[in-house]
Structure formats: structure tokens, C-alpha cells
Amino acid sequence: MNLIIKNTDKSKFFETENLTREAFWNLYKPGCDEHLALHQLRSGECYVPEMDLVALLDGQIVGHVISTRAKVVDGEAGDSCAAGDAGAVVCDQVLCLGPISAEPSLQGKGIGSQLMRASIARAASLGFKSIILYGNPDYYGRFGFENAVKYKIATRDNQNFDPFMAIELFPGALNGVSGRFYEDSLFFNTEADLVEFEKLFPAKEKGEPRIILPEF
Ligand SMILES: CC(C)(COP(=O)(O)OP(=O)(O)OC[C@H]1O[C@@H](n2cnc3c(N)ncnc32)[C@H](O)[C@@H]1OP(=O)(O)O)[C@@H](O)C(=O)NCCC(=O)NCCS
């Protein structure tokens with residue numbers, strides 16, 4: 001597929017948020033909230049414009065991915081910490097990737113793969129040490145992501161599971177970087193925020209989720 005991968009800009013924010021909504025709708029829950037997370041992330045200090053990418057096919061947006069600034073904080077200090085009350089920052093040169101979306105009618109044709117490879121290359125060129133994400137190991141493993149436990153990095157709740165993955169952007173990048181991973185709190189929104197945000201989009205029927213995620 002002959003795609004152009006490039007930065008998006010404000011004029012395409014709504015279109016990419018709608019694409020995200022289409023890709024995630026009824027996937028992991030009735031409806032979805034990933035498009036709201038994307039919208040919020042774009043307004044925060046975590047936003048890195050160079051990491052907000054679209055895939056174009058014949059001039060049309062057919063895919064999107066964003067990676068935002070995140071942190072690894074000291075694990076010991078974080079032991080009793082609630083979200084937002086983290087310990088000392090061990091590393092702020094890490095990104096959290098997601099959401100990533102391909103136009104539903106064009107999935108499985110390489111759009112996601114090209115966006116992933118472009119994100120990894122661009123993050124490395126910007127000097128970041130790592131990208132960390134939550135996702136299916138069968139998919140992200142093919143780009144070099146491994147369970148973050150390899151680097152002694154846990155979630156903010158001090159958990160580890162296969163879908164919690166990291167990639168080093170240069171050899172040894174995560175040497176000495178261990179602790180808890182804090183993605184930006186703008187990922188987390190209230191149901192009231194979602195109801196309000198949904199008013200901007202065409203009506204869509206909620207249904208049974210197609211994928212049931214395990215409880216962690
Ligand atoms: C995930 C997504 C971005 C991948 O983009 P894509 O263009 O469909 O993927 P590609 O064509 O590059 O890769 C296709 C391969 O990945 C696999 N794949 C795609 N999505 C996958 C997923 N969520 N889990 C596991 N494997 C997946 C396909 O089975 C296919 O495997 P194959 O090469 O062995 O046939 C896209 O499917 C999508 O938008 N999904 C809905 C939203 C979503 O789940 N986002 C990711 C959340 S972690």
C-alpha cells in the first residue's frame with residue numbers, strides 16, 4: 001500500500017478523532033473513549049506534535065497514531081503512591097504510544113505497521129529513550145516491543161502483564177531506568193466528559209464489545 005506518513009495539524013484533529021472513534025467503536029467496551037483521550041492528550045503538556053502522525057492514501061486519512069510524553073518514576077517512592085502522587089522521576093524521556101487506528105475497511109493491509117515503524121523511527125530521531133504501550137503482544141512484538149518487566153518497569157499500580165510492553169530506541173537506552181510507568185493523566189476521563197464529547201460526533205449505536213480484555 002502506497003502510504004504517506006506525515007504529521008497531522010489542527011485542521012485534521014476532528015477527522016482523526018472521528019477515525020479513532022470508528023476504529024475503537026464497540027471494540028473493548030460498548031462505544032469507546034479512545035477518541036476523547038486523543039482529544040485531551042492534544043491539549044496537554046504531554047503533547048509532542050512530531051509524534052501525532054497520520055497515514056494518507058491518495059490524499060485521504062486512513063490511519064492515525066499518537067505518542068505522548070510519559071514518565072518512569074522511582075519504584076520505592078511510588079509504593080504507597082496513588083496516581084498523581086508519584087515518586088522521583090527516573091526518566092522523562094519516554095513516550096506512551098496510543099491510541100493507534102486504521103480505517104476499519106482497510107485494516108490488515110499494513111497501515112498500522114507503517115505507522116508503528118514511523119513512530120519508532122521518529123521517536124528515536126527526537127532523542128527519546130523508549131516507547132511504552134499497552135497492547136496485544138502478538139501485534140507489537142513484531143516491531144520489537146517486549147514485556148516491560150524485562151526492564152523492571154511496572155505499571156503505575158505496580159503490575160506487570162504481557163500486554164504492558166516497552167522498546168528501547170537505542171541499545172542500552174533503558175539501562176538504569178526502572179520503576180513505575182506513568183502515562184499522562186489526560187488518558188483518564190470521566191463518563192460525563194465522554195457524554196459531552198460524544199455530542200460532537202454522528203450518532204452511533206452502542207453494542208456488545210467484540211474483544212473482552214482480561215482483568216489485570
Ligand atoms: C491495530 C490496528 C491499528 C492495526 O492496523 P492494521 O493496519 O490493521 O494492521 P497491519 O495491516 O499493519 O497488520 C495486520 C496484522 O496485525 C494483526 N493485528 C491487527 N490488529 C491486531 C490486534 N489488535 N491484535 C493482534 N493482532 C492484530 C492482524 O491480524 C495482521 O496479522 P498478519 O500480518 O499475521 O495477517 C488496526 O487494526 C485498528 O485500528 N484496530 C482497531 C483499534 C485498535 O485495536 N487499536 C490498537 C489498540 S492496542
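A crossover counts as right-handed if, with the strands pointing away from the viewer, the path from the first strand over the helix to the second runs clockwise. Keep that in mind for Exercise 1.

Some ground rules: this is a predicted model, where local features need pLDDT of at least 70, side-chain atom pairs count only at pLDDT 80 or more, and totals for chains, interfaces and linings use all residues. Residues are numbered from 1 along each chain as its sequence is written.

**Exercise 1. Work out what unit β4, α4 and β5 make, and how β4 pairs with the strands beside it.**

Step 1: Helices (H or I, at least four residues) and strands (E, at least two) are DSSP runs, numbered from the N terminus. Here β4 spans 89-102 and α4 spans 111-125, while β5 covers residues 130-134.

Step 2: look at the pairing (strands pair if DSSP finds at least two bridges between them). β4 and β5 run in the parallel sense over 3 bridges, with Val 94 opposite Ser 130 in β5. β3 (residues 60-73) joins β4 through 9 bridges, and this pair is antiparallel. Ser 67 sits opposite Leu 97 in β4.

Step 3: β4, α4 and β5 make a right-handed β-α-β unit.

**Exercise 2. Follow the strands from β1 to β3 and find the hairpin.**

Step 1: β1 (residues 4-7) and β2 (residues 52-57) are antiparallel, joined by 4 bridges; Ile 5 faces Ala 55 in β2.

Step 2: β2 is also antiparallel to β3, this time with 6 bridges, and Leu 56 stands opposite Ile 61 in β3.

Step 3: β2 and β3 form the hairpin, with 2 residues between them. Check Asp 58 in that turn: its phi is positive, about 50 degrees.

**Exercise 3. Find which residues touch the most other members of the largest nonpolar core, then trace the contacts of Ile 131.**

Step 1: define burial. A residue is buried if 20 or more other C-beta atoms (placed from the backbone) lie within 10 Å of its own, exposed if 12 or fewer, and partly exposed in between. A nonpolar core is a set of buried Ala, Val, Leu, Ile, Met, Phe, Trp, Tyr and Cys residues joined through C-beta atoms within 7 Å.

Step 2: the largest core has 51 residues, and Leu 95, Ile 131, Ile 132 and Ala 166 touch the most other members. β4 gives this core its largest share, 7 residues. On burial, 10 of the 14 residues in β4 are buried.

Step 3: now contacts, meaning C-beta atoms, placed from the backbone, within 7 Å. Skipping neighbours within four places in sequence, Ile 131 contacts several residues, among them Ser 67, Leu 95, Leu 97 and Ile 120.

**Exercise 4. Decide whether Asp 162, Lys 150 and Phe 197 are exposed or partly exposed.**

Step 1: Asp 162 is in the loop between β7 (153-154) and β8 (164-168). Asp 162 is partly exposed because it has 15 C-beta neighbours inside 10 Å. Not counting residues up to four places away in sequence, Asp 162 touches Pro 137 and Asn 147.

Step 2: Lys 150 is in the loop between β6 (146-147) and β7. With 12 other C-beta atoms within 10 Å, Lys 150 is exposed.

Step 3: Phe 197 belongs to helix α6 (residues 191-198). Phe 197 has 17 C-beta neighbours inside 10 Å, so it counts as partly exposed. Leaving aside neighbours within four places in sequence, Phe 197 contacts Leu 36 and His 39.

Key
Two residues are in contact if their C-beta atoms, placed from the backbone, lie within 7 Å.
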